[in-house]
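Subject: Handing over the model

Dear colleague,

I am passing this structure on to you, and it is placed directly below so that you can follow the notes with it open.

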Amino acid sequence: MSKRLGVGFIGSGFITKFHIQSWLAVRDADILGVWSPNFENASGAAGLARSLGVGEARAYRSITEMVADPAIDALWICGPNHRRVENLEEIVAALESGKGRLVGIACEKPLARNVAEAKRCVALIKRAGVLHAYLEDQLFTPPLMKGRALAWSRGASISGRPYLARAAEEHSGPHMPWFWQGAQQGGGVLNDMMCHSVEVVRYLLSDPTKPRNSIRPVKVTAQIHSLKWSRPEYVRQLKETMGPEVDYAKRPSEDFARATIEYVDETGRPLIGEVTTSWSFVGAGLRLSTELLGPEYSFSYNSLNTGGQLFLSRRVVGRAGEDLVEKQNAEQGLMPVVGNEAAEYGYEAENRHFVRCFLDGTQPELNFDDGLEVVELLMTAYMSAEQERTLEFRPPGLDTFVPAVAKGTWTPRGVANI
Ligand SMILES: NC(=O)c1ccc[n+]([C@@H]2O[C@H](COP(=O)([O-])OP(=O)(O)OC[C@H]3O[C@@H](n4cnc5c(N)ncnc54)[C@H](O)[C@@H]3O)[C@@H](O)[C@H]2O)c1
């Protein structure tokens, strides 16, 4: 293994561009390739990497061609959820036929759309025999990393372990049509964003000196609803902005989800994780909020409580943009300024960490097996919401379960009467 890691990206959309931006803070690795079905888009992302000086990236004509290039040592899978399995199948076929070699593969959240697909991803990665990483950026959010370390080293060491964690992720809705389509994305906001919150509460509740599975999920209770986007005026708005195939009068996805995950610690004592997500929050932009409660201490974080704020008077009527904060909703008044979003949301520390693991030949602790367990928790949450009851983890039938939202058969409560 050379001293630098050559990285290729699959997908050239929103998250790939965030990763490329974050690479300014990553050492000993270069972005050397991008593949996505549209060669021009792949070339655009490669050009961004070159312009930022984070690697002499070029666009490839296929995944196989990128794997075959000896300059590429690792892949970051950043395509849409419904292409995950086929992307991995092509990578593994290229490796097994001896066309190329890789050290590691990192995959964006969620690992897959349901448990059957997630298990297929795990089986494929094990067949490939490479190091693997599950890209959950929020565990690398600087205030969470430091807050967790301090809560445990100061609070828990003297007064006892934390027992309750809350995590919420909310914004006003995704940027591309496929996220809104249950069949493609795998569900609605629960599948899209609760994957983050589920892993955040587990991270905060678990002892940093012990493995991730030192606490164990035992029960899940969840609800899902369509609070905003199946209202007639918003059904119309979605069709106008996302295209006619996104029809929430016929095939809605949930825009609100909440779950309580009951964990037990090594001694069997209960720990509670409360997670909430929505695509129906209109504030300045993306809001991540977190709390950790212990016997004599508490920690809290809100990504919109920024140190910097910009005030723009009513006379400033500028174009709509996303230059102040991700999923920005306004260009006037008092707006939060997130200094460095790639750092604040965890991408910088995440990519530094996984690059280091791959260069050292160390299997990352956060990997495809954890991605699978997150999918299992999400699917249990959908099952609980559909059955309107608490379920023991893992419930029977989980391996073949597909949410009604993904099947296009979900009728949100109250919507049939509109
Ligand atoms: N960690 C996070 O906070 C975060 C944020 C956004 C997205 N994501 C995840 O990243 C992934 C991509 O999301 P995005 O927001 O970049 O979506 P996007 O729609 O902006 O970009 C998707 C990209 O995939 C490409 N693509 C199309 N067909 C493909 C195929 N068959 N194989 C591979 N790529 C293909 C598209 O051309 C596009 O470049 C999703 O799995 C999403 O859940 C994670």
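Predicted model: local features only at pLDDT ≥ 70, side-chain atom pairs only at ≥ 80, totals over all residues.

Residues are numbered from 1 along each chain as its sequence is written. Helices (H or I, at least four residues) and strands (E, at least two) are DSSP runs, numbered from the N terminus.

To begin with the ligand, 21 residues lie around it, and those that come nearest are Gly-11, Gly-13, Phe-14, Ile-15 and Gly-79; a residue counts as near if its C-beta atom, placed from the backbone, lies within 6 Å. The shell is made up of 7 nonpolar, 10 polar and 4 charged residues, where Ala, Val, Leu, Ile, Met, Phe, Trp, Tyr, Cys and Pro count as nonpolar, Asp, Glu, Lys and Arg as charged, and the others, Gly among them, as polar. Helix H1 (residues 14–22) gives the most to this shell, with 3 residues.

Next comes the sheet, which is open and holds 6 strands in the order E3-E2-E1-E4-E5-E6, with parallel pairing; two strands pair if DSSP finds at least two bridges between them. E3 and strand E6 (131–135) stand at the edges with a single partner strand each, so one side of each is left without a neighbour in the sheet. Strand E4 (residues 74–77) pairs with strand E5 (residues 104–108) over 4 bridges, among them the one between Ile-77 and Cys-107. E5 is in turn joined to E6 by 5 bridges, and here Ile-105 has His-132 as its bridge partner.

For burial, a residue is buried if 20 or more other C-beta atoms lie within 10 Å of its own, exposed if 12 or fewer, and partly exposed in between, with C-beta atoms placed from the backbone. By this count 5 of the 5 residues of E6 are buried, so E6 is largely enclosed by the rest of the structure. Leu-131, Ala-133 and Leu-135 point one way from E6, whereas His-132 and Tyr-134 point the other way.

Helix H2 (residues 39–52) has Ala-42, Ala-45, Ala-46 and Ala-49 as its buried residues. Seen down the axis of H2, these fall within an arc of 100°, so they line one face of the helix; the arc is that of the directions from the helix axis to the C-beta atoms. On the other side of H2, Glu-40 and Ser-51 are exposed.

Finally, some single residues deserve a look. Tyr-382, found in helix H13 (residues 368–387), is buried, with 29 other C-beta atoms within 10 Å. The C-alpha atoms of Tyr-382 and Thr-221 are separated by 9.2 Å, although these residues are 161 residues apart along the chain. A cis peptide bond joins Lys-109 and Pro-110, with omega about -20°, and Pro-110 lies in the loop between E5 and helix H5 (115–128). Another cis peptide bond joins Phe-393 and Arg-394, with omega about 0°. Asp-28 is not a glycine, yet has a positive phi of about 65°, and it lies in the loop between H1 and E2.

With best wishes
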